[in-house]
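Here are my notes for a first look at this structure. Please read them with the model open beside you.

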Amino acid sequence: MASVHSAVSVIAAKRDGGELGDDQIDWVVDAFTRGEVADEQMSALAMAILLRGMTRREIARWTRAMIESGKRMDFTDLPRSTVDKHSTGGVGDKITLPLAPLVAACGAAVPQLSGRGLGHTGGTLDKLESIPGWRADITVPRMREMLADPKIGAVVCAAGADLAPADKRLYALRDVTGTVESVPLIASSIMSKKIAEGTAALVLDVKVGGGAFMKDLDSARELATAMVELGTDAGVRTVALLTAMDTPLGRTAGNALEVAESVEVLSGGGPADVIELTVALAREMLAQAGIHDVDPAVALADGRAMDHWRAMIAGQGGDPDAPLPRAKYTETVTAEQSGTLTRLDAMAVGLAAWRLGAGRARQGDPVQFGAGIEMHAKPGDSITAGQPLLTLHTDTPDAFPPSLAALTAAYTIGPTPSHPTPTILDRIAP
Ligand code: URA
């Protein structure tokens, strides 16, 4: 029987500022997944949504339709409570690496389906793939085994093609049609995958600032609120932290460099901002999982999280003791004057790391595991003229000039002492 709907009527309804009905949303997402609604029609609808917005009901229905375009995983039979974390993406954001084993060491199960990086922020899978032998593509039975194993309890792997396939196709269109930056589309894209993943609880790390999608606190609050509402309505206990992304997290950006820094954090050292955010997110995750009697700061410092990291890496074929890949060439930027580092721009560092080969321009491109940037100083640090500020790493020395160009205006050294801005800016709960 012919459908009562047409792509043109749904696009026109949204273009004119109307609210789409449940049946229109179900139809258009399903017909797009089946190939009946063409890419150019879905692109036009995405632009209409970006310009006109969506109500809470429309976003919830759109998310549900995207979940139903594929399979939904179920971990309710596991002996431990499941909880996951999702970050909206930032430069040097390696938090998943110490966080997943830390939360597992404290008694929860962490099923994390992650992605590869595109653009200036790195992907968690690219970082872990720099560990010799580690594989992202494990089977669902193996994932369950790792989650149920009290010595492991965490798994970070690639999402299967059948998890919210409508989102995969739509995200690829948004990426090339200027329609990524829409709160309803970002919220439904992230939450459809997280709800389909089957986690019982979720903590969102919504990044705010120059190196993030959301440049100011108001728009980050709007996105966080939309996602917390979507999770809560779908029965997933969800809270969000809003965290600063004007400056990169930690002192490294780039795959193997970030793994090395994460191992430092798991060994009881590492940069203060990475430790602070890891422990804060762990506290939120454990509270969502109903675990109140374990202090994650202690489990990080006493080596329990490190034991789970080693087991988690080995459980996916990786060798936690193998030397990490190192880039063939390095170049160091030094300070031209003394003073205090008052600014180190996340977007510029992310772009420079990407140009060095740490990221990819198109899906499927290879990444250089050793490429990236080491930051020898962070905002608030005192600087002496001539001291190293940044070390650039790459296998392709042709990448130095464009990368150095991205860094020319990336930092400011001021005459007076300044204090670093806080890492955690706000918390959004249902
Ligand atoms: N990450 C996603 O998965 N989807 C978006 O729309 C943006 C970031």
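**Notes on pockets, domains and buried residues**

1. The second largest pocket has a volume of about 550 Å³. A pocket here is an open set of points on a 1 Å grid over the protein atoms alone, with protein on both sides within 12 Å along at least five of seven lines. Points are joined across faces, edges and corners, and volume is the space filled by probe spheres set on them. The model is predicted: local features need pLDDT of at least 70, side-chain atom pairs count only at pLDDT 80 or more, and totals for chains, interfaces and linings use all residues. Residues are numbered from 1 along each chain as its sequence is written, and side-chain values use heavy atoms, with hydrogens and water left out.

2. What lines this pocket? There are 24 lining residues (an atom within 4 Å of a point). Thr247, Lys378, Pro379, Pro420 and Thr421 lie nearest the centre. Helix H12 (272-288) and strand S8 (339-344) each supply at least two lining residues. Helices (H or I, at least four residues) and strands (E, at least two) are DSSP runs, numbered from the N terminus. By class, the lining has nine nonpolar, seven polar and eight charged residues. Nonpolar covers Ala, Val, Leu, Ile, Met, Phe, Trp, Tyr, Cys and Pro; charged covers Asp, Glu, Lys and Arg; the others, Gly among them, are polar.

3. Where does the pocket sit? Domain 2 (83-316) and domain 3 (329-414) both give residues to the lining, so the second largest pocket lies between them. The chain also has domain 1 (7-53). The bounds come from an automatic or database domain assignment. The C-alpha centres of domains 2 and 3 are 24 Å apart. Contact (heavy atoms within 4.5 Å) links 26 residues of domain 2 with 29 of domain 3.

4. The largest nonpolar core has 135 residues. Such a core is a set of buried Ala, Val, Leu, Ile, Met, Phe, Trp, Tyr and Cys residues joined through side-chain atoms within 4.5 Å. Buried means under 20% relative accessible area, with a 1.4 Å probe and protein chains only. Trp62, Trp309, Ile373 and Leu390 have the most contacts inside the core. Leaving aside neighbours within four places in sequence, Ile373 touches residues including Arg251, Leu257, Val349, Leu390 and Leu407.

5. Three cavities of 30 Å³ or more are counted. A cavity is a set of points where a 1.4 Å probe fits but cannot get out. The second largest cavity has a volume of about 40 Å³. Helix H4 (56-67) and helix H10 (217-233) each give two or more residues to its lining. H10 gives the most, with four. The lining has four nonpolar, no polar and three charged residues.

6. Is Asp205 buried or exposed? Asp205 counts as buried because its relative accessibility is 0%. Asp205 is found in strand S4 (residues 201-208). Asp205 and Leu241 are 36 residues apart in sequence, yet 5.1 Å apart from C-alpha to C-alpha. Beyond neighbours within four places in sequence, the contacts of Asp205 include Lys85, His86, Asp93 and Leu277.

7. Check the backbone at Ala164. Its phi is near 45°, a positive value in a residue other than glycine. Ala164 is in the loop between strand S3 (154-158) and H8. At 1% relative accessibility, Ala164 counts as buried. The buried residues of H8 (residues 165-175) include Pro165, Leu170 and Arg174. H8's buried residues pack against helix H2 (22-34), helix H3 (39-52), H4 and helix H9 (183-196).

How values were computed:
Buried < 20%, exposed > 50% of the residue type's maximum accessible area, 1.4 Å probe, protein only.
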